[in-house]
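Please read these points with the structure open beside you.

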Amino acid sequence: MKEVYLGISAILLATVAAGLWRFFRGPTAADRLMVTQLFGTTVVTACLLLSVALRSTAILDVALALALLSVVTTAAFVRFYWPQPNRSTERKNSDG
Amino acid sequence: MADWISILLLLFAAFFFVGGTVGLLRFPDVYCRLHALTKADNIGMGFVVLALVIQADSWYWAVRLLATWTFVMAASATNAYLIARAAIRKEIPLWKPSKRE
Amino acid sequence: METIEAGIIDLILVLLLVLLAGSSLLLPRLFRAVIAFIGFGLIMAVVWIRLHAVDIALAEAMIGSGVTGALFLAALARMNRSGNERESANTHRTSGARAICLNSNGRVIGNGIQWRGVIATAVIILAMMLMALMVFPLPEPDGKISALVFRNLSDSGVSNPVTAVLLNFRAYDTLLEIGVVLLTLLGLSAVVNRDRLVGPRYTDRVLSGFYRLTLPLLILFCAYMVWVGKYEPGGAFQAAALLAAGGILGHIIGANPRPHNWDGKHLRIAVSSGFAVFLSIGVLLWVQNGLFLRFVPESAGGFILGIEVVATIAISISLVILFHGSSGHPSSFLGNRQLPPAAKEAE
Amino acid sequence: MMDTSTLYAGLGVLLSAMGLLGLVLGRHPIRKIIALNVIGAGIFLFLVAAAFRSHSGGPDPVLHAMVLTGIVVAVSATALGLTLAGQVQQSRSENEALANPKESKHEQR
């Protein structure tokens, strides 16, 4: 089974590499942020597979931490980088 | 037997992850892409967790895996909501088939 | 794990890291660079697992996704906000490589820049080749130091070798490292502005709900990290990063995640307590055992746990204050000394 | 076929070199701070790849502890650097607004 787990992890990481295309294309900042979300989930899933393959509960902790804390980056993005447009100095440009 | 079920579930999971990524690459606007992304999160990872739970040799592992999945779903729902709300506030237009050139 | 699958994983990881590092250094828009750097941190976590460094993977996951991303995004937003047009003009946004490009297209930026870029590139490539020549092939490890660690592990009071090195065998390093974190706070307090510079508050029920749901979980997870660090990967740094991520999330939604009636003085005491407690335990052990920070096997476990608890609290508060500083928000850490009493009343 | 630790050690050297290049060529302070972080990541990667070669019952814990310490110091230094950059930019724009209150609006090219 260990080979299967590693093989599936390899497929998952390959989808991450494919997701980079969206990162380079954009067009909005939200699209680019979504690519890091894709990275996050895929890495979490790969961690689950690796933790079973290597028999280490500590890798499950890595997965749990990555999953919970992914919200911090998104929250910082919507709070600071894309704040609510209620001020006069609003920039119309949505390009990231 | 259990091994084959796990392998089948893992293949489903890989299908959903690949599908989510293809959706992220091909769908026309932010909201559709967000939809594709969260499918990969929730269903793809759900299948992986199921496959690993079948293989788990103790309750401890099974509970840990299922708990991780629960938190991933809570976090990814929050993420998707935040991004979608921010995009709506930024007035990023919805995709309309007729407008496509 | 030297199989075909592992080889494929290695190749993909190397490719991803080079691509992401390249984009974070070369993409002309800073936002894209920051996003690429966040992705770089996530992939590094997998690399650490691949290299059997789970302690480091934990720290990278928690700091990378909980602290670094928010730090860069907040700082970038602040610079976009306070910056005038000059800062967003092309010369400041683009990296050097792009500037050279523009130059050859006929835009006059100045000849010196082009030569600087070319010479720097040549020198660095040369230096890199020299470095690679010196380092490769890697020498065979003699393993003396790690054998020493494993031999004395049973006397260290903990059974995770990394924690044993951090808090027992090389406790000096960790003491000074906590000192360095304290020094960065001193540096921060020297430069940070004390006037109010706050954007609109971000109110969101879903995010606040998520925060309320996960904060207890984060605290539990943090306590588990401190405790499990004795036996398995985990420890004070990881726990501190978790708590700090919770504090940063609380700051983002406008909750004030600290005990009631705490002001700057309490925060300053809490922040310096890590270093102070560590130092005084070191002196205590000096008096008892004749050497600074020399633990004896009977009491080492208890002392190490105590140091870890205090260090966790101190480092996590420090990280949250550092986040306040770089997002440009005033920090109660500094106290209200600069504000006249009237302004204080008005709040 | 290359062995794992040589592969990752080489990647570490490459990343540090890329970061150094970015540090010299980058103009914006945030870019320079990212470059410093990439250099750090390359060095950490080199150390951990070297630790991976150790044969005495698992990777070398001394190097792991050093890298762990380094990561925490790196994040504090990054935060301080970002604060300094923000303050410098803020006071610069304030100075310019004081020096030429009319022209600062039309400076964009």
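1. Start with α14(C) and α3(D), which are roughly parallel to each other. Angles under 35 degrees count as roughly parallel, over 145 as roughly antiparallel, 65 to 115 as roughly perpendicular and the rest as oblique. The two helices pack at an angle of about 25°, with axes 7 Å apart. Axes are lines fitted to C-alpha atoms, for helices over the stretch in contact, and angles run from 0 to 180 degrees between N-to-C directions. Helix α3 of chain D covers residues 61-99. Helices here are DSSP runs (H or I, at least four residues), strands are runs of E (at least two), and both are numbered from the N terminus.

2. α14(C) passes α3(D) in a left-handed crossing. A crossing is left-handed if the near helix is turned anticlockwise from the far one by less than a right angle, and right-handed if clockwise. On α14(C), the contact uses Leu322(C), Phe323(C), Gly325(C) and Ser326(C). On α3(D), Ser76(D), Ala79(D), Leu80(D), Leu82(D), Thr83(D) and Gly86(D) take part. Two residues are in contact if their C-beta atoms, placed from the backbone, lie within 7 Å. By class, this helix pair brings five nonpolar, five polar and no charged residues. Ala, Val, Leu, Ile, Met, Phe, Trp, Tyr, Cys and Pro count as nonpolar, Asp, Glu, Lys and Arg as charged, and the others, Gly among them, as polar.

3. A word on the source. This is a predicted model, where local features need pLDDT of at least 70 and side-chain atom pairs count only at pLDDT 80 or more, while totals for chains, interfaces and linings use all residues. Residues are numbered from 1 along each chain as its sequence is written, and chains are lettered from A and ligands numbered from 1 in the order in which they are written.

4. Now the whole contact of chains C and D. It takes 82 residues of chain C and 68 residues of chain D. α3(C) gives the most to the chain C side, with 13 residues. That side has 49 nonpolar, 22 polar and 11 charged residues.

5. Chain D has three helices and zero strands. Its elements run α-α-α from the N terminus on. Of its 109 residues, 60% are buried. A residue is buried if 20 or more other C-beta atoms lie within 10 Å of its own, exposed if 12 or fewer, and partly exposed in between; C-beta atoms are placed from the backbone. Among contacts in chain D with a separation of 6 or more, 49% join residues 24 or more positions apart.

6. Turn to chains C and A. Their contact takes 49 residues from chain C and 43 residues from chain A. On chain C, the elements that give two or more residues are α1 (4-26), α2 (30-50), α3 (54-82), α11 (205-228) and α12 (236-253). Here α3(C) gives the most, with 13 residues. The chain C side divides into 36 nonpolar, nine polar and four charged residues.

7. Within that topic, look at α1(A), residues 2-25, and α1(C): their axes come within 9 Å and cross at roughly 20°. That makes α1(A) roughly parallel to α1(C). The crossing is left-handed. Residues that meet include Leu6(A), Leu13(A) and Leu20(A) in α1(A), and Ile8(C), Ile12(C) and Leu19(C) in α1(C). The contact of this pair divides into 15 nonpolar, two polar and two charged residues.

8. His52(C) has a phi near 60° and sits in the loop between α2 and α3 of chain C. With 17 C-beta neighbours inside 10 Å, His52(C) counts as partly exposed. Leu293(C) also has a positive phi, of about 60°. Its place is in the loop between α13 (264-289) and α14 (297-327) of chain C. Leu293(C) counts as buried, with 23 C-beta neighbours inside 10 Å.

9. Last, chain B. It has three helices and zero strands. Buried residues make up 39% of its 101 residues. Its C-alpha atoms fill a box of roughly 55 × 25 × 15 Å, taken along the principal axes.
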